[in-house]
Every structure is written in C-alpha cells, then in structure tokens.
2 protein chains.
Amino acid sequence: MRCRTNAHEWPAALAGGVPAMTEGGHDSARGASLESFFAPKAIAVVGASPDAGKIRGALLQALCKGGYAGRIYPVNPSYQEIDGLACFPSLAAISAPVDVALIAIPAASVPAALEECAAAGVRHAVIISSGFAEGDAADLALEARVAQVARRTSMRICGPNAEGFYNDLAHLTATFSPALEPRAAEEPLVANARRIGVVAQSGGVGFSFFNRGRALGLAFSSIVSTGNEADLTASEFFEHLVRDRDTAVILLFLEGVRDPERFVAAAREAAERGKPVVMIKIGRSRAGARAAASHTASMAGRQAAYDAVARSTGLIAAGDPDEALAIAAVLATCPLPKGNRVAVVTVSGGAGAWMTDALAARGLELPELSQETERAIAAWIPSYGSSRNPVDITAQAVHSGGLMRAIELLHRSREVDAIVVTISLAREKRMTVDTDALRRVVDAQTMPVLFYSYTLPSALALKALAASGVVIHTGLNELATALSAALARGRFRLPERPRAARKLPKSGEIRRQLAGPGRIFCEYEAKRVLAALGLAVPPERLVKKAGGLERAARALGYPLALKLQSPDLPHKSEAGGVRLGLGNSRGLRAAYREMLEAARRHRPELRLHGVLVQRMAPRGVEMIVGAVRDETFGPVVMAGAGGIMTELFQDVSYRLAPVDEATAREMLRELKCARLLAGFRGAPAADAQALARLIVRISAFAAEYRTSVREIDLNPVIVHGAGAGCSIVDAMIVTE
Amino acid sequence: MRCRTNAHEWPAALAGGVPAMTEGGHDSARGASLESFFAPKAIAVVGASPDAGKIRGALLQALCKGGYAGRIYPVNPSYQEIDGLACFPSLAAISAPVDVALIAIPAASVPAALEECAAAGVRHAVIISSGFAEGDAADLALEARVAQVARRTSMRICGPNAEGFYNDLAHLTATFSPALEPRAAEEPLVANARRIGVVAQSGGVGFSFFNRGRALGLAFSSIVSTGNEADLTASEFFEHLVRDRDTAVILLFLEGVRDPERFVAAAREAAERGKPVVMIKIGRSRAGARAAASHTASMAGRQAAYDAVARSTGLIAAGDPDEALAIAAVLATCPLPKGNRVAVVTVSGGAGAWMTDALAARGLELPELSQETERAIAAWIPSYGSSRNPVDITAQAVHSGGLMRAIELLHRSREVDAIVVTISLAREKRMTVDTDALRRVVDAQTMPVLFYSYTLPSALALKALAASGVVIHTGLNELATALSAALARGRFRLPERPRAARKLPKSGEIRRQLAGPGRIFCEYEAKRVLAALGLAVPPERLVKKAGGLERAARALGYPLALKLQSPDLPHKSEAGGVRLGLGNSRGLRAAYREMLEAARRHRPELRLHGVLVQRMAPRGVEMIVGAVRDETFGPVVMAGAGGIMTELFQDVSYRLAPVDEATAREMLRELKCARLLAGFRGAPAADAQALARLIVRISAFAAEYRTSVREIDLNPVIVHGAGAGCSIVDAMIVTE
C-alpha cells in the first residue's frame, strides 16, 4: 500500500479549511480547540513503522488507507521514508504546523516526546501507548508527568492508553482498531441521514459500536477512545459532540466521570438542543467496579448517581451493545413517538404475537383499531389473515402490495403512535418490500415506522431498506426497548434549576446543629435538624431515666413506640432497639427495661443518649425519602417504597439534588408503589403533595449543606390521607 | 434444476431403512409413528407445480434441492412431469407406499384430498394450505372435517395452516420457508456435535431459529411447524424429540398447549432423560393473547401455569429469539456449570467489565482468584494487563499465547465453574486464537468455556472456532442469561409426584361443604373448609347482631378486627368492609355500626351473612398462599409476598399442584421476600417450615378437589417466629 503525498501543498478539499464542525462552544478556550482535534489539517505519527503487524505500523497504515486528505507525517529516526511518505527524524524536523500527534512509543519515552510536541507547537497529542496508571503495575508518576505537560503548555492530550479516534466526514482513521477495517463481502450501507457520535472510555467497546452499527446501516460522525484521561476527559469530548452540527445522536460508554459538573452541563445542553444521548455506565456490580478501577484507574461512581444524572437530564440508559445501537438507530432515523400506542404489522402470527408481548412488557399498548381502519386493511389481505392489531397480513400480502397499504393506512389513521413491521427479510434474490412506496412513507413519516426481521436479513434487503432510510432490526427485545426509550425521551422535559436557597429557612440553627466533627445523628438529633428546616416531626420525648416514662406517656398518649438513641446503633431495630405499639404503662415500662438490658448485652460500652418515646403514627403508606452525597456528582435525592420494601424490592427513584415539586411528583410516578399513594385496594388516596414537598425540602437541604451532610435517611415516612400530610417516623443524618 | 429420480429402486442410503431415530416411545401407537413422519421413504406433493413462485411450486423445489434421498411424487392432474419427476394425476395412481403427503391446494379441496390419501394408505399428511380455523374468516367446520379424517382413519395429520418440516439428517426440506434457503457468501458452519430440535406453533418463528442458529454454527435435527393442530399436536412432536436419539436439546415455541397431560409427561420425560428443553410461550400480554387466539385459534393458557409447568419440570423459559438460541447453544456445546463462579478473560477492560456487570446482574459471581492463579496468569500477560478477575490479558497476549494459557490455567484452577472469553474476533484475514489449543481445551472441558465477541465476528473466526466446537456469542445479555439458565438447569431436580390423597384427611365434611352450585365462599365459610382440611385457623366468631359483639370480644380478647361477610363482596377491604386494631368495646361497636352503614350505602341489596370478629394476629411476615385452576394445566399452587406487596411487586412463585415439602421450600427460596422469612433487619427467622407445610396442604387440596375448586386465596398468611406457625388471617375459595 502506498500512502498519499505529504508534500506541502494543501489538497483541494482542505484548501478552504475543514468543514465547520461546531456551533456555539466557547465556554472554555481549551474545549473549543477540539475542532482541530477531530478534523486536523496535518497529523504526525510518532513512532511510525512500516511493519503493520505492530500497533504503530497499523496506525500509520489505517490512517493512509482511510482516505484522509490532510497531511500525514511519520516520525521515526530509523526511516527516511515509509510507504512513500517522507519520514521525519523528529517533530521539530517537520517544520510545518501539526494539529494532532499520534504517539505510539514505549511508555517511558512518552514524556520526552510530549515535550517535543509541545515545543513544536503541536495542538493535540493522542497517546496510544499503554503502561501508565492502568493495569497490575500502574505507574502513577508517569501518568502525572503526562498531565503536567498538558497543564504547562497549550497542547491538549488524549490518553494515555487510548485507542485513538475516527472521523467519518474527514475519512480519518486515527486508530489501530481492527474493528474499523472494512468487512469483506459487505457493501457499505447508510440508512440514517442523522449521524451518531461516540465517546468511549474503552476503545474496544467504542469502536465495536462502529463495527456493529455499520452492519445495521448506521452512519457515524466521530468516535473517540478517551483512555486514562490524564488531560482531555470524556466530558470535554461529550461537550464537543453536543455542539457538533454533524452529530445528531450521541453514544457514551462510561466507566467513571472525572469532571462531573462539566458532564452534567453537557448533558443539560444536549437536552436543551434536543440532541438525544444514550449512556452506558459500567461498573454496576462490585466485580465490575473492581475492573473499572483497575483498568482505567478511574473511580466508578455509584450507580444511583448515574441514574440520577440520567433522569435529571434526559440521558437514555442502555444495558447492552445491541440495545444501545437499536436505541441510537431509532433516534437517528425516526421522529420521536408522541404516545404509547403501537400497531404491529406482521406476516407471521407467531412472530407478531411475540413482538406484541415484548412491546407490552415495556408499557407500550396495542390498541384495537377502529372498524373503519380494520375494514380498509382487510381489503388488502387474504381472508385467513387478520386485520386486528397485531395485523397479520400473511406472506401473500407482502407480494400483493398489502404490506405497504397496511403501513400507509395505519400511518394515516391517527390511531397509533408507532408502527412495528415484523417480517422475514431473508430472501437473497428477490426484494419483497416495495421500496419506492416505503421511501415515500419514510419521507413523510410523522411517527416511528420500524422494521424487525425475525430471520437474518439478506444483503439485498439490508441494502434496499437502507436506501429507503430504514434500519432492519434483528433484536426483538432491543427493538421494543428502543421504542420505549424513544417514547421516554419524547416525554422528557428538562426541569428548571430550582433555587434551593429560597426554599430553606435562613437558619444559623441548622448550621449550629450540623457543626462539629462528622458523626451519625441519632433519630432525635436528626429530627431537631428537620424541625429547624421547618419540617413537621411527630410529637416525641427523649427519656433518660425510667422515671420519665409516665410523664412522656401522659403528654403523648398511647399507643406508643420506644426507640433506643445511641450514636453507636445506627441500625437500632437490628439490635432490638425498637418496640412498637405499646398500649399501656405496664407494657411501656417492661419494654424500656428489656430494651436497655438487651442493648447492654449487645454492646456493654454503648454510648446511650436515652430512649425516644413516640406516639404511634396513624396508618398510611410507608415511603422512604433520603439523600446521599455521591463522590462524583454530589447530592442525590431519593424517594421510594419504605420500610421493609425498600431493600427487598428496591423500588426507588433518584435525581440530582435539588429538585422542584414537578420533578418530585415525577419521581413518585416512576415508582411501582405509586399505586399505593393513589389509593390501593379501597384505601383512600394519600397526601402525595405533602410527600413531594418533603422531597423538595430534603433535596434542597442536601444541596445547600453538601459540604457537611453525607447522608439523610427518613424511613419510614408514613403518608396519610389527602390533606393530612405525612409523618417522619424515623430519621438519620450522617455528617462529614 | 432437475430433481432426483422417483423410480422405484430405493437409493442405497435408504435401502437398509432410515436411521433408527427413536428410543423407547411406545405409549401410544399413533405417537410412535412419527419416526416415518420425519424420515419418510417416500413423499407426495399434492398440488405440485413447476412454478416456484407459488407455494406449491416452492415446496417441490425445496424438497428436490435439499438432497433428500427418498422418493418424491408430485401429484397434479395438470402435468405429466415436473422438473424431471413423473407427475401423478392422483394419489391412487402412485401405487407405491407413501409415508408423507404434503398438501398445498385450496382449503375447500383439502378434505377430499385427505380422503384420497387415507384410502391410498398414506401414513401422514401435512396440510400447508391456509383458510381453516385461523384468521378473520375462520372456517371451523372445514377444520373439523380435517380432524374427522384423522380420527376415522389411521392417517395422522399435521396442520392445517402449517409451514411443513425439516429434517437435517435426512436432508429433507418439506417446507416452502425461505428461511431455509442457503445464504449466499456464507459457508455452512457446525460447532455443536449435539443437535437441536424445534417444535413451533408458528412456522415463521420455527424456521427462523434455523436461519439464525445456522449463522452461529448450530446444527439442528428436526424442525416442525404444527399449524392449527387439527390432529397432531405440539406435545406429540415434543414427545417424539424427547425420545429422538439425534436430538440433544429441544426448543419449543408455543402459543397454547392442547393436550396438557401429554405435554407435562413429555417435559417430565425430558427431565428424566437429562435432555434440556428451552420453551418460549407467547401471549403474555393481553394483545398478544388476542393474537394467539385469532391466529391459530388456540387458547393461550395463562402465563402462570406455563411458569408452573416450567418450574415443575425444569423447562427453561426464554424471552427473545437470540436468547433462546444462546441458551440452546450453551446447552448443545458445553457441560452444565456446577456452580455460579465465573472467570471473565478479556482483551478490553471495558468490554470485560460490561460482561461482568451482565453476569452479576443474573446472580453469577466473579470470585477473586488465588494469588497462585493470578501469578501464573500474570507471567503470560503484559504488565499493563490485569491478572485479577475479570482478567484483562490485553490484545498483545492474544498473539503471544497468553489467551489460551489463561483459559487453561483457569480451567485447571478449580476456582471457577465457567469461563467467559470476551474478545474481538473481527479480523478478516488473521486468526488470533490458537484453535489447536482451543480444541484441546474444548475436548477436555469440564465446565462451560464461552466466547463472546464484542465486535461482529469475521467469517474466518466463525469457521475456525466452529471447527473447535465453539459458538461465538455476540449478545452480551444473551450470553449471561444463557449461562445462568444452564446453571439453573444443572441445579434442577425433578420432584417426585407426591401422593396427594395421603396428605389430606378423608373427609365427607369437605365434600359436603364444597357441594352445591359454584360460588364465592366468604372468609368464615372458607375457613370452615380449611379447618376441615386440618389447618389451624385463628379464633373468630361470626356475629349477626350488634348484641353479639361483647360476647365475642370477651371470648377472643382485644385487639380485634371486624370483617363484613357477604358473598357479594369478595374484595371487602375495597368496600370499607375491614376494620383492624380495635382496642376496646366502644371502638368495636362504632366500627360495627359504621361498617354496616357504609355497606348498605355501597350496595343496598347486599346479602349479609354477618360480621366476623377476629383477634388481631401477632406480628410476622405477610405472605400469600393460593391456588388457581388453569384452563389448560389444571391446579397450580402459588406462594409469594402477601398483603399489598402481592399485586405491587408480583413476587410470587408457581408450581403444578400438588407439591411436596421440598418443592414448597424451593418455591419460597425463589422469592425476593425469602429474606423476610430468613429474618430481616434484626427480626427473628420466621416459621418457614410451617408455611411450606401449608403450601403442601393447599396444593393437595387444589389437586384433589380440582373438579369443584377454581380458586383459593389465603392472603395474608402471617408467618410467626420459628416454631410458632402461621396465621391464616384472610381466606377465600371460589367453586365451580
């Protein structure tokens, strides 16, 4: 293979400059420069080799093969020329501007090479080399030296341990990844006019999206592997793609975010611009987190915080590569659905019913069609077909035009919000779908018209449908998930940033109570903080001696609850420190005595503040409201099913704190136990408004006191009937 | 294309008869005959045509093309010859034995053709034609005539509205399905020595398994589409494959089972023979059930019953085509895992961590490896790799032999029960895996060694790994699900059939109470039945007048509960008919008065048996125990989280009734709320043994009285501390 010239005349395509790739994007002088990262006029390959079996050889070869029109400068003192390109002994020897230097030399030599790049005025370096902060023998000092060069100079650095990047518009393959190699016997397909951009904290995974997406007929804009992120972070690349005119849908693959504020700002900006973002966050399992930590030396944030970020900014979470691509494919080829009504059009009753199950399992509905629509469809299909939704047109109707007529009739009917065609597209030699008619439907589509083939589609079908702007899905669950994700994205509204301070009383009292060294607040202490916040807490008395019980009982009235108060017993019920439903004085005294005896047996040196005497709260729905400060994203508020249900069923919802009341109500609607609040099995509706206000208040508190408050846990909160408010029955606060 | 001869000399391959395909299998003379269905010596195509654009032409063409070595007789009075085969004017004109007649003529002519087949001694007919009990214009009478021929003669009939069948060993393509056509540019692959057989109540889906499985390198034995099942049922074909020596794994695609006893017997027989069965049951959603009913005129059984059958017989439920095939692939190529410890070996930290998440989400564990094993692996990988599980060998170690060494070391270590290799196999021209070494590992494998490629595998990789007996999985979630399904299958033990009668008291009393017309038993009536069954019910009194309250209260003791007893109010709590925790006489009287007033307002003509006064049960874990009689499979017993949790979280477990105590305990272990029974957050462990005995008793009752009892619902059952038994707090029985 011979490379293009690197003589100093600009190729015509670049003479007028690279295509303008970003709109807006000026909040950071350093961030703005990523335009010349993705569409450089000149690239140097430091360590270039003629041996394509080596990474540094493969890198140069991929760059040349890809059709990149800019200049390519191999740098290696061992060669005069590589594959027809003049090879330079050093960066300084190039004596022309270099936008990007790809560095693929042994780790120990990288800092010196970076210094040389910076001195030569190189704008961006991409360190492909491994052997820094990752792996069994992590060299943190070496990684720190990389970061220092970036901080000291104006050169931005991607990596180390990165796999490079790809820009489809500039035909720029700046990576050795074999996933980008063209596939034999596969014609290039493009179904989507709106391109997909990828930021991945794993080169293997990032470029695999290209590899898999290409087979579906998906076009990409840019793909970047961020490596160890000694300098340039995933958030910066994300921000770039949010502003990139050529990117319509963004796919993020994350192990951990280093600059959470920038990340959240980019996510909000994407939502404001209406640019959908699909996020995969790995490290959900403990072993997964271990891998993320050991491999990219990146802290895997807690999953709850990522869920909160996604919910707060409209990011779409995906769980599997094919699912992520199916979602991206729907977003890149279809308008968002306006509702959850779906028509299935099938040639196989079995496959159609299976698709129906998959859609229904995700909350999508297959409405009965009007008699008018059914009759109109029936005219186009054999009598042994079915015009009822799911519509079974039979194989015969594909050939006789019934398929396209059914699609057109459903599209016009206003009775559904999406159409899912479930069909076999395996034929190698005959195209059964009328692609001209399909093109007309797709051009005019006001709703998703999705195609699922229950057989593997033939090359012919892939090509014909791609030409009509249609991706053929082959994953049943993935298609159903993608449609439901598109629906959720369509319904998402970016919440206003609530002004937390105005919701909280200006209170020196709160500050005073939270002061001092970090500790676990007992229930009675936590409740004092809540009271200072202006929240109603149930009447209760802290009793320090048995003698005080009677007076407390008289003041509060039976039935009562007793709870041991000790900073050493955050989980008091597990140590026998909670007794409920005490109906009389004798029971109260006995419970008090037994509780103290049990506690001393449990732990003789227990610090004891006393016993809290509480009136049993009236019945209601048991919920939990809480907040945690995430190490990455800061305060996150939580609401969910309370009491024993919390841990068992994990029916909880997260948001970044603070939230407004509309968001708090939305959090409650997401819960399975929302039905309890609405009035379940004859019970009256609960005071969800009071609960929402409590969530708002707790979220504001967690946000405003983020430096001192690490954890807040109100569990259970008993929500009473409409207008009757809720009782914070138990509470805990942990400070720093 | 020229067909083979149909001259009357048997081809050599068939001269000694077809290969013996079944072992055992003689409980039904009719059932046993399916051997000559799948491996016939002679086939007639009734309605054969030279036009391959028509179904009946395509059918003949497929038969000829496939390489079938038996005789093929086209039957059509319009032709003397088709494609080199003599064509017969009628079946009678063949005057030689015919094992299978494929019938593809208009529906109205089918009954006469069947009569002709039967008269000519044809053993099996397959009706491809549509236009019977399916579709908008179902012709039930025509379908009944088909069934009558089968009953009257000894000929067995598959269909109508079937898509035919395929037998790989006999090279027999008796279907027009385009899914079986060879794919251009795809070399045939075979990875599994153990073949997969398919029974599908949808031809489209059934043959799509072949189409998709083939691309993975999976070999099949037989695939059959059962159509409307006027005669031969899915259960009979299932039974055949259970006994078929050439079928090692069975895939079932079901809309509804017509002969449940035969189906369950076949499932049990498969379990006894250690032959794994993957079942897809569609019609989960209401719309899906509508489709199943309208399309194949088959009743879609309730999902719970299918779950019960699966749990009771070890069938593996699958939810998606790729998932079903991934499970079948693991079962057909690997030994079952003996435990849940998995090692992930990867070349991409990101992909490995993602796989780890997917495995962990399904209950599989990635243990830390011993220092010894880590050190041994570390010797084979670069320092920037990681020898900790998930093991990141890096791309370099694939080339240097580290991949196979890591697999071998893990295989030998006894520290894991399965190995999941997560790798990129996209290279078109270079095979990175040492397939000789792989073949040695696979030949000696004592645990699953699974390969997942995060890029789409190249033809080269597919071929090389298939030659080593390895399927390349491309679905992340599917692989994880398949491994976890294989683990569950390995742990499954077929329960003994408990002798229900011996567990129940012989009681005329029960029979007397259940006698009479079908009705809803009020709680107090239901409890009398339970008492007659020998079950302890809490002390309670039925009070018919306010004057009786005091006496009941004295006898029972406070706190009390009041419950309205009316056959018109099965959901009494929703009508204000339940009042709990009444602590004194005044409260009791007020509650009684209010309850009656509310009930009369709610429904003036309410039939009222009285008010049940009950002592409040002591605290404990709220569970539900119940049974329903499924229309298809008969009595099904259920246990799960009780009270409000039942409906909200649907944390329930089903089995076919009756069950033994070991099975009842297993049902409880499957529940998320199992942790509540084990003692949750400081609570003492509950009397799970008493609960298991209750489940056994209720299951025996539901089984023995299946003709009269339609539904039993004990909710909640409050389970007290170990040894303290459980209280059946509420109960309902519905009879026929």
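I'll start with a term: a polar contact is a pair of N or O atoms within 3.5 Å; within protein, one must be able to donate a hydrogen and the other to accept it, and residues adjacent in sequence count only if both atoms are side-chain atoms. By that rule, the side chains of A:Arg262 and A:Glu239 are in polar contact at 3.0 Å. A:Arg262 sits in helix α9, residues 260-273 of chain A. Helices (H or I, at least four residues) and strands (E, at least two) are DSSP runs, numbered from the N terminus.

Some ground rules. This is a predicted model, in which local features need pLDDT of at least 70 and side-chain atom pairs count only at pLDDT 80 or more, while totals for chains, interfaces and linings use all residues. Residues are numbered from 1 along each chain as its sequence is written, chains are lettered from A and ligands numbered from 1 in the order in which they are written, and side-chain values use heavy atoms, with hydrogens and water left out.

Now the two chains together. How many residues does the contact take from chain A and from chain B? It takes 93 from chain A and 94 from chain B, where contact means heavy atoms within 4.5 Å. Chain A and chain B bury about 7700 Å² between them, 56% of it on carbon and sulfur atoms. Buried area here is the accessible area (1.4 Å probe) that two parts lose on being put together, summed over both.

Between chain A and chain B there are 2 salt bridges. A salt bridge is a side-chain nitrogen of Lys or Arg within 4 Å of a carboxyl oxygen of Asp or Glu. B:Arg427 makes one with A:Glu181, and the closest N and O atoms are 3.4 Å apart. The count of residue pairs in polar contact between chain A and chain B is 18, both residues being at pLDDT 80 or more. On the side of chain A that touches chain B, helix α13 (residues 349-360) gives the largest share, 8 residues. That side of chain A divides into 37 nonpolar, 31 polar and 25 charged residues.

How are the copies related? Chain A superposes on chain B by a rotation of 180° with 0.0 Å of shift along its axis, at RMSD 0.0 Å. That is the relation of a two-fold axis. The same surface serves both copies, as 100% of the contact residues of chain A recur in chain B. The superposition is by least squares on the C-alpha atoms of residues with pLDDT of at least 70 in both copies.

Next, a sheet. In chain A, 5 strands form an open sheet in the order β16-β15-β17-β18-β19, with parallel pairing. Two strands pair if DSSP finds at least two bridges between them. The edge strands, β16 (391-392) and β19 (472-473) of chain A, each pair on one side only. Strand β17 (residues 418-423) is joined to β18 (residues 449-453) of chain A by 5 bridges. A:Thr422 has A:Tyr452 as its bridge partner in β18.

Last, the backbone. A cis peptide bond joins A:Asn389 and A:Pro390, with omega about 0°. A:Pro390 is in the loop between α14 (371-378) and β16 of chain A. A:His171 has a positive phi, near 50°, and is not a glycine.

Note on methods
Ala, Val, Leu, Ile, Met, Phe, Trp, Tyr, Cys and Pro count as nonpolar, Asp, Glu, Lys and Arg as charged, and the others, Gly among them, as polar.
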